[in-house]
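I opened this model with a notebook beside me and wrote down what I looked up.

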Amino acid sequence: MHISAKADYAMRALLELAREPARPLTCEAVASSQQIPFRFLKSVVGELRKAGLVRSQRGCEGGYWLGRPADEITLLEVARAVDGELITLRGEPLAGLDYPGPASGLPGVWRQVEADAAAVLGGTTLAALLPAEAGAGLNGKGVA
């Protein structure tokens, strides 16, 4: 299984935003804090914004916030927002995969791997990954 740089950067950026939900953060601040290439992060944040996972405000007081509370955003949503399919085989979705003869059971294994990965990522929210002190005092869960 391959985790794309785009998905990794998107999750790290969202966790950075979740850490301080009361104030907007600039892409520069997130890129610096997470050691993510700024230009790459700008395009990733654009995709996250289109998916409703971040919201933005322009101007000198501007920046980015989470689009929803951290306990409502799963890693599965983030991965699908930036990569589409969770797992592909040579760039194709696993749904229609079919092999002849002795390899006929293999597509079922690949689909099970995808289902298991989706269960782990779908069951993990941004809030669950935040250190206990991050966002403390907001609502007791570390989310806005």
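**Entry 1: Glu16**

I began with Glu16, which is buried at a relative accessible area of 6%; buried here means under 20% relative accessible area, exposed over 50%, and partly exposed in between, with a 1.4 Å probe and protein chains only. I noted that this is a predicted model, where local features need pLDDT of at least 70, side-chain atom pairs count only at pLDDT 80 or more, and totals for chains, interfaces and linings use all residues. Residues are numbered from 1 along each chain as its sequence is written, and side-chain values use heavy atoms, with hydrogens and water left out.

I placed Glu16 in helix α1, residues 5-19. Helices (H or I, at least four residues) and strands (E, at least two) are DSSP runs, numbered from the N terminus.

Which residues does Glu16 contact beyond its neighbours within four places in sequence? I found Leu25, Val30, Ser33 and Gln34, where contact means heavy atoms within 4.5 Å. The side chains of Glu16 and Ser33 are joined by a polar contact of 3.0 Å. For that term I used a pair of N or O atoms within 3.5 Å; within protein, one must be able to donate a hydrogen and the other to accept it, and residues adjacent in sequence count only if both atoms are side-chain atoms.

**Entry 2: Salt bridges**

Next I looked for salt bridges, meaning a side-chain nitrogen of Lys or Arg within 4 Å of a carboxyl oxygen of Asp or Glu. The count by this rule is 6.

I followed Glu16 to Arg19, its salt-bridge partner, with the closest N and O atoms 2.5 Å apart. Both residues lie in helix α1, 3 residues apart, about one turn of the helix. Glu16 is buried, whereas Arg19 is partly exposed at 36% relative accessible area. Arg19 also forms a salt bridge with Glu20, and here the closest N and O atoms are 3.8 Å apart. Glu20 is partly exposed, with a relative accessible area of 27%. Salt bridges with shared partners link Glu16, Arg19, Glu20 and Arg23 into one network.

I then checked Asp8 and Arg12, whose side chains meet in a salt bridge of 3.0 Å, N to O. Asp8 is partly exposed at 33% relative accessible area, and Arg12 is partly exposed at 23%.

**Entry 3: The core**

I turned to the largest nonpolar core, which has 38 residues. A nonpolar core is a set of buried Ala, Val, Leu, Ile, Met, Phe, Trp, Tyr and Cys residues joined through side-chain atoms within 4.5 Å. Which members touch the most other members? I listed Leu14, Leu17, Leu41, Leu48, Leu66, Val78 and Leu86. The elements giving two or more residues to this core are α1, α2 (27-34), α3 (38-50), β2 (63-66), α4 (75-83), α5 and α6 (126-129). The most come from α1, with 8 residues.

Not counting residues up to four places away in sequence, Leu41 touches Tyr9, Ala13, Cys27, Val30, Ala31 and Ile36.

**Entry 4: Surface and loops**

I found a nonpolar surface patch of about 560 Å², made by Met1, Ile3, Leu106, Val109, Trp110 and Val113. Patches are made of residues with over 30% relative accessible area and no salt bridge: like charges are joined within 9 Å, nonpolar side chains (Val, Leu, Ile, Met, Phe, Trp, Tyr) within 5 Å. Accessible areas come from the Shrake-Rupley method with a 1.4 Å probe; for residues, only the protein chains shown count as cover. Leu106 belongs to helix α5, residues 106-122, and is partly exposed at 33% relative accessible area.

Then I checked backbone angles. Gln35 is not a glycine, yet has a positive phi of about 55°. Gln35 sits in the loop between α2 and α3 and is exposed at 70%. Arg90 likewise has a positive phi, near 55°. Arg90 is in the loop between β3 (88-89) and β4 (92-93), and is exposed with a relative accessible area of 71%.

**Entry 5: The whole chain**

I finished by zooming out. The chain has 6 helices and 4 strands, running α-α-α-β-β-α-β-β-α-α from the N terminus. The C-alpha atoms fill a box of roughly 60 × 35 × 25 Å along the principal axes. Of the 144 residues, 37% count as buried.
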